Structure formats: C-alpha cells, structure tokens
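Please study the sequence and the structure before reading each solution.

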Number of protein chains: 2
Amino acid sequence: MSSLHFKKAAIIGVGLIGGSLAMVLRNKGMAAEIVGIGRGLPNLEAAKRLGIVDSFTTDIAEGVKDADLVIIAVPVLKMADTIRLSAPNLLPGCIITDVGSVKGSVIEAVEPLIPKGVHFVPGHPIAGTENSGAEAAFPELYIERKCILTPTPRTDAGALQTVKKIWEAAGSTVVVMDAAVHDIILAAVSHLPHMIAYTLVNTVADMEAAGEDVISYSAGGFKDFTRIASSSPEMWSDICAMNKGPLLKTIDEFQKRLEKLKGLIENESYPELKREFERAKGARDSLIKGHKPSKESA
Amino acid sequence: MSSLHFKKAAIIGVGLIGGSLAMVLRNKGMAAEIVGIGRGLPNLEAAKRLGIVDSFTTDIAEGVKDADLVIIAVPVLKMADTIRLSAPNLLPGCIITDVGSVKGSVIEAVEPLIPKGVHFVPGHPIAGTENSGAEAAFPELYIERKCILTPTPRTDAGALQTVKKIWEAAGSTVVVMDAAVHDIILAAVSHLPHMIAYTLVNTVADMEAAGEDVISYSAGGFKDFTRIASSSPEMWSDICAMNKGPLLKTIDEFQKRLEKLKGLIENESYPELKREFERAKGARDSLIKGHKPSKESA
C-alpha cells in the first residue's frame, strides 16, 4: 500500500460525513475501489447512483474484507459493535479511522477490539451541515475545516501520517491532540451549547404569563439562537452518554458564570455587567473575523 | 385631528426603529409633516436626504412644538429625560408613544412626566435587524411582526385605538397586554437568551485545555448560536437595569432546568434526557413552522 493509494476503501455509514469523505477519496484518486456499508438499502442505493461508492452491502464483515482503509462513520454508540463485526475480516496493515465527535470513550470501547497488526487512528472532522444521508454529501465539506486526530500510545506513527494526509487532501487543517483534550474542547464549543439550547427552548416553551403563549412572541434572534435545539435527540443523548465527564465539567463552569452574571444584575453592578458583555462581544466578533479573541486572565 | 392623519409627527430618535416607522407614516399618507429629532447631525442629515423626515433638529423642545404625534425611539434609559425636555411644548390632545423593549419601568419613569391632556400609549414593536441608524430604516420592517401595546389605567382609549391603527397600517399584528406580562415575555424570549449567549461566549473564551485555544475550534453552530452576543453591550446593560425583576425570574427558571438536565446526565437517565431533547426539538420546529408548540404540563 502506497501511503495515499488504497486498493479498497470501506465506508461504514455512507451519510453526510462518510459520503463526503468517500467523494474526496474518489476525486483525488486515492482509492481503486470504494465499498459502502450500511443498514438502510435506499441510502446505499442513492450512494451508488450518485457515484459515491462502487458497490455496497449491508453485511459489515463482508464489506470490510480485503479493505486496506476502513472509515467508520456510524453513531458513536455503535462503533464498538461495528468493529466487533468487522474484526474477523480485517487484514494486518489495514488502517481504520473514525469520525466520532467523542474520542475518549470511543477509544476505550474500540481499541481493545482491534486485531493485532490493524492500525486504528481515532479522528474527528469538525464539519457538518443541517442535512444528513448520502444525498447530502459533497466533497467540499471539509475544506478549511479543522480535523482533530487523537492517537493513543498504541497508534502506529505511519498510519497516523497517512490519515493526516487524507484529511489534508480533503482540504482540512489537521490538529493532533490527546483524546481528553479533544473531549473537553468539543464539550465546550459544541456539546454545552446544545444542552443550553435545549434547556432554553424548554424553559420558554413551558412559561406562561397571564395565559399568553410566551414562545410565540420570539423574534428572529431567538429562532437563530435555538436552531441547534432542532438537532437529533437520539444523537445528542448518545453524545451525553459518551462524553459525560467533560460535558458535566463545562456545564458546571457555565453555571458558575451565569450565577456570577445574575449576581451582577441583582447588585445592579451595571458597569461590571457591561464589561462582561463587551468581553463576550469582543471574543465573538474576533471569532467571526477568524482572529483569536484576546484573553483576559479570568 | 382625524384618527389617522396627523399635522405634525415628531420622531425622537431616527434610527432603524423610529426611521422605519416614519417611512410608514410617510408612505401611508398619515402625516402632513415629519420632523426628526436626535443628537447626531450626520444621522439626521441622512434621514432628510433619504426622505424619511422633512426637517430635523437637535432641540427636543423645539422639535415637538405643535406636534400631534410624538414617537419616542430613544434607548429606554433616556426616555424620561426625553419627556422632561418635551413636556413644556406638548399640546393637549397630542399622542405620545414609545418603542422601548421594556415597559413597566419605562411607564413608571415616564407617565408622571406627561402633561395633563397629553396621551401616552406605551408600545413595543417586536422587530429589528442587525443594523442601526437612519440608513438601515425600511418601511417593511414591521410587516407580519407583532407589536405589543401596554396601556395603563391612565391611557386614553381613543389614543390607544389610534396607535393600534398606526401599527396595523405598518403591517403588524397588535396585541394589547399588561406591562408586567410584556416584561416577563420579553425577558424570556429576548433578554434571557442574550444573557445566556454572553455567558456562553465568556465561558468558552476563557477555557483552556492543554494550551489549546478552545474557542478557535468552534464551528458554524456555535457561531450562529452566539451571534446575539455581538449585540450592543451598552443597550443590554440598560435593559438589565430596566427589566431587572422579570429577567432575574427567567434566569432562575433557566438555572433550575439546567440543573435538572445536569442531574439526568449525572444519573445517566438517557431515556428521560432524550425526551427532554425531543420536547425542545418539537417546540422549536413548531415555532419555525409558525405553529404553536404542543405543551406538556411541566
């Protein structure tokens, strides 16, 4: 196997994420053959029709046979089962990588199941859209995005470099870090905001004021703000399960700060309140401009 | 004065909100003369150039002279001073209305300053954009929006009807309610989300994980979610001051619910967690479709 040409790439889960990466492999000539593996035939048929995969199967063990690259793009709670079904047919030298949005618990569940000589490289591309399924896939999804790889002490250095190059070919900036660091970062920038959005919508939806339907008075700002509350409840309950520790830590941190903000309002400390708002505005505006926000010592 | 034709309308604060309403008065032929009043000459000159006002002045007392309609579109903390400066020149029968996003404390501050025979009708159009100033104004701003009017025991019934008709002419649905109900509704759908967005951005901006700049890993969802954290710190500190009680009440309610959600994660009550997410998704999706969300007894 040359470092960026695979004989057979198996994509387990040909949705937005897996399908888009398959299209990159195809467009860059990185795989001679691409097999799609999944549970739903209509989606697999769509993937074939769209040229995302050459063939497909619903049988994981069959699909991964002779593959030298396996990409696991199934929900995080399903990864261990996926590996369990693949393992008997995985060849030594095969590279397995995943795209799960939680890393620590995925590694814990998956790594012991990886056969000897097979190389597992845990990964997470920070990309996505509102849409799902093979029909939502497009090869530009990863351009100018970050992809985080979280090797373990067992991870083969050559396999790590190969997976890094795949993501770079997709247009992403690859950052290598510890799984625990990944999990706290994602808890903060993604999992915590989802918990807050869900909580805010339920707070407002259940509120009544003299018989008025409070939520019906919400304007554009609230709707934008709570867009992520429309995300899949099942996926998010899984993520809570898989990233429990880091998520609880960031919720605690948020709660402390909200309590402090409430104190400023209670005590009518308006200049300090305004400084808090200015700090947030500065950080947020810098983010949009692509600059790093300036930090204060908190 | 016929009910929807004014001899002279004075707009105090010719920004997005005041300017857009002035354009409605103009387009619907509701005012023979429109005078813009403000502090900044460049903005007033723009308003005149754009045909939003016929003339302008920085002298409030001068500007409101002989007006039979006065629209106060200045920041909520400045309303009392505005009325104080206007009062000597206000004629009996004149209708004054405002557009402030807080009503209880505005009424408390403003109503005692209204001269006898002058009719004050507190109002709040729920509309806005990211932009500000006369150049951002456009007459369609209020179409299909809600406008809340909060009459007091002193409010003249005829004046209330007249202001209602002005907003209906602008394309809005007018809802009449008690100021206290307005303030709790707006605390929930607007003020609370802003406090949460500011707090979330500061939580993430100050977080460090093994030297990584956490906030730089945020993707589209976080950016959309925190867009409102870019709002004016000064305006929001004023709103906190003016709507302190209702805002604290909604923060409390949110905190209780977040604590409950945290408990579900801690106790690994994932089916219940999923139901919470489903409920939020349902309420949010219904909101987008313009339907009322179905409510559970909380």
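**Exercise 1.** State how chain A is divided into domains, and describe the contact between them.

*Solution.* Chain A consists of domain 1 (6-177) and domain 2 (181-267), with bounds from an automatic or database domain assignment. The model is predicted: local features need pLDDT of at least 70, side-chain atom pairs count only at pLDDT 80 or more, and totals for chains, interfaces and linings use all residues. Residues are numbered from 1 along each chain as its sequence is written, while chains are lettered from A and ligands numbered from 1 in the order in which they are written.

Next, the centres of the two domains of chain A, taken over C-alpha atoms, lie 31 Å apart. Domain 1 of chain A brings 13 residues to the contact and domain 2 of chain A brings 10 residues; two residues are in contact if their C-beta atoms, placed from the backbone, lie within 7 Å.

On the side of domain 1 of chain A that touches domain 2 of chain A, helix α5 (residues 104-110) of chain A gives the most, with 3 residues. Helices are DSSP runs of H or I with at least four residues, numbered from the N terminus.

**Exercise 2.** Where is E268(A) located, and is this residue buried or exposed?

*Solution.* E268(A) is in the loop between α10 (244-266) and α11 (270-289) of chain A. E268(A) counts as exposed because it has 11 C-beta neighbours inside 10 Å; the cut-offs are 12 or fewer for exposed and 20 or more for buried, with C-beta atoms placed from the backbone. Finally, E268(A) has a positive phi of about 55 degrees, although it is not a glycine. Most residues other than glycine have a negative phi.

Note on methods:
Helix = DSSP H or I, 4+ residues; strand = E, 2+ residues; numbered from the N terminus.
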